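These are my notebook entries on one protein model. I looked up its helices, its core and its charged pairs.

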Amino acid sequence: MTSASGSSASSGTSNEQQIARLNQQIKTLTQQAKSLASSLEKASTDEEKASIQEQQQLIQAQIQALQAQIARLQNESSESKQQQAASTSTAKEEGVNKPTEENKINIYV
């Protein structure tokens, strides 16, 4: 199984590229699973059928692992977007209840 884990991406485009590659791998594995399904129908011996079913199970496991990795990358991407949004919103907090140097009032009684 090919995996792109270990390289955590800091930018969203890199995550998007990894997700696109992983989706392509899933598509390829799905095509292999379909061809194995047709081979299973044509298999004549129990050994052939068992071997094909084992290969199908391995492909399904690979697909699930890739889907989990896609979900992790999507979570990382959304978390980084939330962090960016939070940092920009906290940096721009100004107003009556949040005085800055420009709008601070000093009152001495």
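Predicted model: local features only at pLDDT ≥ 70, side-chain atom pairs only at ≥ 80, totals over all residues.

Entry 1, overall fold. I found two helices and zero strands in the protein chain. Of its 109 residues, 17% count as buried. I recorded an accessible surface of about 8,400 Å² for the chain, with 49% of it belonging to carbon and sulfur atoms. Taking contacts between residues at least 6 apart in sequence, I noted that 65% join residues at least 24 apart.

I looked up the largest nonpolar core, which has 13 residues. Those with the most contacts inside this core are L22, I26, L29, I59, I63, L66 and I70. Both α1 (12-42) and α2 (46-91) supply at least two residues each. I then followed L22: neighbours within four places in sequence aside, L22 is in contact with L66, Q69, I70 and L73.

How many salt bridges does a search of the whole structure find? The search returned one. I traced this salt bridge to the side chains of E76 and R72, at 2.7 Å from N to O. Both residues lie in helix α2, four residues apart, which is about one turn of the helix.

Is R72 buried, exposed or partly exposed? R72 has 32% relative accessibility and therefore counts as partly exposed, since that value falls between 20% and 50%. E76, with a relative accessible area of 24%, is partly exposed.

Notes
Residues numbered from 1 in each chain as written. Heavy atoms only, no water. Core = buried A, V, L, I, M, F, W, Y, C linked by side-chain atoms within 4.5 Å. Buried < 20%, exposed > 50% of the residue type's maximum accessible area, 1.4 Å probe, protein only. Contact = heavy atoms within 4.5 Å. Salt bridge = Lys/Arg side-chain N within 4 Å of Asp/Glu carboxyl O. Areas by Shrake-Rupley, 256 points an atom, 1.4 Å probe, with all protein chains shown as cover.
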